[in-house]
Amino acid sequence: MHKRFNLSAVVAVFVIIFLYLPITAVVGLSFNQSSNSLIWKGFSLDWYKTIWSNEPIMSSFQRTIFVAVVTTVLSLIIGTTISIGLNKMKAGGFLRTFSTAPAIVPDLVLAIGLLTTFSVISMSLSLTTVIISHTVFCTAFVVAVVLARIGLIDPSIEEASTDLGASAMKTLFKITIPQLMPSLIAGAVLSFTLSMDEFVIAFFTNGPETPTLPMVIYSMIRFGVTPEINVLGTLLLVISFVGVILAQRIGKVADSI
Amino acid sequence: MVKSGGSKTSRHLGWAWASPGLIFLTLFAAIPVLSMLFMSVLTAGRFGGVTTPINFDNFSRATDPIFVKVIINSLLIASATAILSLLIGFPTALFISRLSRKWQVILIVAIILPYWTNFLVRTYAWLVLLNNEGIINKFLRNIGLIDKPIEMLYTPAAVIVGMTYLYLPLMILPIYAALEKVDKNLTEAAFDLGSSAWKSLRTISIPLAMPGILIGFIFVFVPSLGNFVVPELLGGGKTVMIGNLVRDQFLKARDWPFGATFALILALILVVLISIQSYVSKRVNVNA
């Protein structure tokens, strides 16, 4: 009976090769001896040693992590408060769409809109403007994730907590947040990864003095590719693979609580 | 039952919670996007920035054959990307949806995993594969198929393949999600009743997957149409798309209103497309 699925099986195998061949090539070339990033010469770990002393890569990496951490914290706070509010007021479709729209708006449109706005209010471009911009679309993702769960929570538990004399703060931290935990973790992982990877919006809203990692990678690709990009690509691959797998594990654990 | 959520205090409390965030989104999402779209009717200032006369000059400038060609070119490349993704994404999703639960999870994770890698690195990977000394050319030379390298990089085809690579998971996932809900007994029954593989595909799987196909098409088409990085890196600047026009008008020519005009055109194309998608998927749902 499985004969009829043969063609789709062949395509599926091709797709897996298609998805993994390019990144495998990058990983392979990261162990290359040659100083040409594209041509294989022999095995070596040299570029793994030199990358740590590459100042532009290291300082831009720190900036990227900084932006991603601040963006994640802000998006979680803003996204969660919006979700709690919308849930309490039984908000209709408009406010829900409004709060999640930045996730759907093409990044280029949002990017030049923000660039224009920062220029109109005379805010000079820096990491602050990148953080604001990233928080806009990450908030939308947090709202989407948290709203999906918050509707499932039984409001009578919160009411009982209040009736029994718990303060609003205590109810929030002891009742609401623990119940939202899986979606908060998902929202945090999403925000962090999206911010770390984001290029187009950061490209338009960042100042020239504080390039983040994607900007450095972009100019490395455009102007003279150095072998370090293969190493960097491999390290980023490992980070995101570990991140995705960790997120899945944490998600499972959090779901079971 | 008392509808506690609808009470007045609860609504006030809800607004108190939500308004700081909603104000933030108004200031840094709604106003920027709307003002950017409005900017298309303004005129570029002498030293960057914008000034008044409000007119539609930018739109008549945009109808210049050079720009029309770029817009058509962008539509063709984005369509080709979405169609190629559909052609290889649909069979893959179909295949995965028919595996055991455990293998479904493994393969879906395998398909998402590369998507979480930095998109510049994934684009760069194709430079590695497609360049004249790259793996594909070397392989073809070693098996004696060619003796001179094929120029694959810096062509529209490289742009299409690169973007398909970037966005393919966004095609596979919604189709898989739609197919996964399909009752397997349905296709089994069709088969038992003598229906050919092609017929059961055409009459059962494709119609049921249609909502997923439409969403996948949008998910791939939208980021492809506005992309300026892939045309630049894999197209070598020879393939110009709307995104490149917007970028150049903003950062090189410093004609923001003209750049905003192209962004508006981009946004309008997407709005039309999404309206078609929701119209078609409603009709499909009614028929199904």
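**Two chains and their contacts**

Modeller: In this predicted model, Leu108(A), Ile112(A), Leu115(A) and Thr116(A) of helix α5(A) meet Gly243(B), Val246(B) and Phe250(B) of helix α11(B), where contact means heavy atoms within 4.5 Å and a helix is a DSSP run (H or I, at least four residues) numbered from the N terminus. Local features need pLDDT of at least 70 and side-chain atom pairs count only at pLDDT 80 or more, while totals for chains, interfaces and linings use all residues. Residues are numbered from 1 along each chain as its sequence is written, chains are lettered from A and ligands numbered from 1 in the order in which they are written, and side-chain values use heavy atoms, with hydrogens and water left out.

Biologist: Why is α5(A) called roughly parallel to α11(B)?

Modeller: The axes of α5(A) (residues 107–120) and α11(B) (residues 242–251) come within 11 Å and cross at roughly 10°. Axes are lines fitted to C-alpha atoms, for helices over the stretch in contact, and angles run from 0 to 180 degrees between N-to-C directions. Angles under 35 degrees count as roughly parallel, over 145 as roughly antiparallel, 65 to 115 as roughly perpendicular and the rest as oblique, so α5(A) is roughly parallel to α11(B).

Biologist: What makes α1(A) oblique to α4(B)?

Modeller: The axes of α1(A) (residues 6–29) and α4(B) (residues 101–112) come within 10 Å and cross at roughly 40°, and this angle makes α1(A) oblique to α4(B).

Biologist: Why is the pair of Arg222(A) and Glu232(B) called a salt bridge?

Modeller: A salt bridge is a side-chain nitrogen of Lys or Arg within 4 Å of a carboxyl oxygen of Asp or Glu. The closest N and O atoms of Arg222(A) and Glu232(B) are 2.7 Å apart, so the pair forms a salt bridge. The count between chain B and chain A is one salt bridge.

Biologist: What does the salt bridge of Lys88(A) with Glu158(A) tie together?

Modeller: The closest N and O atoms of Lys88(A) and Glu158(A) are 3.5 Å apart. Lys88(A) lies in α3(A) and Glu158(A) in α7(A), so the pair ties together parts that are 70 residues apart in sequence.

Methods
Helices (H or I, at least four residues) and strands (E, at least two) are DSSP runs, numbered from the N terminus.
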